[in-house]
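Dear colleague,

Please find the structure below, passed on to you for study. A short account of the findings comes after it.

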Amino acid sequence: MIKLLGAVLILVAGTLIGFQQASRFAERPRQLRSAAHALKRLETEISYGHTPLPDALARTAAASPEPIAAILRKAAQGISSAEGLSFQESWENAVAEEWRNTVMTGGERAVWLRLGTTLGISDKEDQSKHLKLALSQLKSEEENARDDQARYEKMWKSLGVLLAVLIVILMV
Amino acid sequence: MLTNVFQLLPLDIRSLLERMPQEPLESLEEIRIREDRPLEISCGGESRFVAADGCLVQEPDGAYRPSAEHCRKLLEKITNYSLYAMEEELRRGYITVAGGHRIGLAGRTILEGGAVRGIRDIGGFNIRIARERIGAASFLMPKLMDRNRDRVFSSLLLAPPQQGKTTLVRDIARSLSYGFWKGGDTGRRRGRKVGIVDERSEIAACVRGVPTFDVGPRSDVMDACPKAEGMMMLLRSMSPEVLIADEIGRPEDGAAITEASHAGVSVIATAHAFDLSDARGRPELKKLLEQGAFSQIVELRRTREGVMHRVIQLQMRGSPQGSLDSGNGWSSLAGEQLMRAGTP
């Protein structure tokens, strides 16, 4: 009886682990896309609206899904606080604190951090160029992420169950 | 007032200036920040360097030197982290921040087709602190009034930079708008409709279109608008009785002022010039004076006793032969009140 219960528990756990891994692969392209949308919006605010950066960040955050919104909000808060941070410092703090809530990887993080060194400190055309560059880099990451999703999502789903079954068989 | 400015400064410089003695802090006029060069302030018409412990020194040797990092942070802060939204300001070479303080910039210019498009590599800042002096114009007000015709003389205020022109013109606007003409805030008459063209946002220091300085209940402010266009717009739309503009001197300003003076609107304007003969050396001002657009000139001069002024009546429509108002012509803006306050 107890053996049976254990086997069921292992099966359930294995399945959940598999599904969780699979969902990371499914989530990554979605987050990359919303990150790209956010940058696109930021570019519009900057080059057409001439919106000051703190406002532009806040508005973009309001229109973006979490966890992207959290990063933008944090960066906007950092520069309006009284600590006298430069924009780059505030941006890097925001990425350092909020990045762990995303499923994005090192490549995207580098793109995102590079933006911190350029946003707000040059003229309109230059801002637009930097944002477009970041956008195209995120797009190519998104394609990679889609390939990965097609390849690994199903695999992880079945792998979890199969490994659990294997463990159960070995134990019995 | 100073908190507005101090908020913009990088932390190190802010705490340095806050350690300064109280008296120069109160009469602070300019803070000059230059990358890798001594930090300078000017107060009460004199300039001093700030040492690393907050003391004021005459010689630049022991003075505190702001770093490139400080300058970058300051630039970010005064542009609200948005250099891209400040292209027009960078083209003109200064940024006006909340509170009406003007920050002049110096650096390497970017040219496009021979014209300056902006400044980059900014290494010099001059923060000019705007002060609201309620009553600064009260001794001048009776002289601005044409009692026979119950209107305001069109006047041109002349002074070199940093003599208090903008402060004075702001208080003239306030007094006209409230109707305080007799000197002091007594003797109240009908207030006038005042149109202010505030190209540099210094007179009224508007934040989102609402003046932060008191410019009177009947004043309309066209904020951050080129003077010539602004004057025409106000003439057409707001039916002002008096138009106020700061620092005229371009050809289009002259045309707008001529237009206004023919429309029966009084114009009170300021210009950079040492005195009347100096003003006649500037082509646009000369033209305006010859056309009789102004009926009087007010010269300002800063002395140890305070800001002095001299009113010169111009003969209408004739050649501008100055006739002095009285005696040597110079009288103090602060008048007896200040002298009385000065003697214990």
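Predicted model: local features only at pLDDT ≥ 70, side-chain atom pairs only at ≥ 80, totals over all residues.

Residues are numbered from 1 along each chain as its sequence is written, chains are lettered from A and ligands numbered from 1 in the order in which they are written, and side-chain values use heavy atoms, with hydrogens and water left out.

The sheet of chain B

Helices (H or I, at least four residues) and strands (E, at least two) are DSSP runs, numbered from the N terminus. Two strands count as paired if DSSP finds at least two bridges between them. In chain B, seven strands form an open sheet with antiparallel pairing, in the order β4-β3-β2-β1-β7-β6-β5. Its edge strands are β4 (56-57) and β5 (94-97) of chain B, each of which pairs on one side only. Two bridges link β4(B) to strand β3 (residues 46-50) of chain B in the antiparallel sense. B:Val50 has B:Leu56, in β4(B), as its bridge partner.

Helix α4 (residues 68-78) of chain B packs on this sheet and touches β1 (28-34), β5, β6 (101-112) and β7 (115-128) of chain B. Contact here means heavy atoms within 4.5 Å. The direction of α4(B) makes about 105 degrees with that of β7(B); axes are lines fitted to C-alpha atoms, for helices over the stretch in contact, and angles run from 0 to 180 degrees between N-to-C directions.

The contact between chains A and B

How many residues does the contact take from each chain? Chain B gives 15 residues and chain A gives 23 residues. The area buried between the chains (accessible area, 1.4 Å probe, lost on putting the two parts together and summed over both) is about 1,500 Å², and carbon and sulfur atoms give 47% of that area. On the side of chain B, B:Arg72, B:Tyr81 and B:Tyr84 lose the most area to chain A, together 43% of what that side buries.

The rule finds two salt bridges across this interface, a salt bridge being a side-chain nitrogen of Lys or Arg within 4 Å of a carboxyl oxygen of Asp or Glu. B:Lys73 forms a salt bridge with A:Glu89, their closest N and O atoms being 3.7 Å apart. This pair crosses from helix α4 of chain B to helix α4 (residues 87-98) of chain A.

The hairpin of chain B

Strands β15 (residues 296-303) and β16 (residues 306-313) of chain B run antiparallel and are joined by eight bridges. A hairpin of two residues leads from β15(B) to β16(B). B:Arg301 stands opposite B:Met308 in β16(B).

Two points of the backbone

Most residues other than glycine have a negative phi, and most peptide bonds are trans. B:Asn80, in the loop between α4 and α5 (87-92) of chain B, has a positive phi, near 55 degrees. A cis peptide bond joins A:Glu66 and A:Pro67, with omega about 0 degrees. A:Pro67 is found in the loop between α2 (53-63) and α3 (68-80) of chain A.

With kind regards
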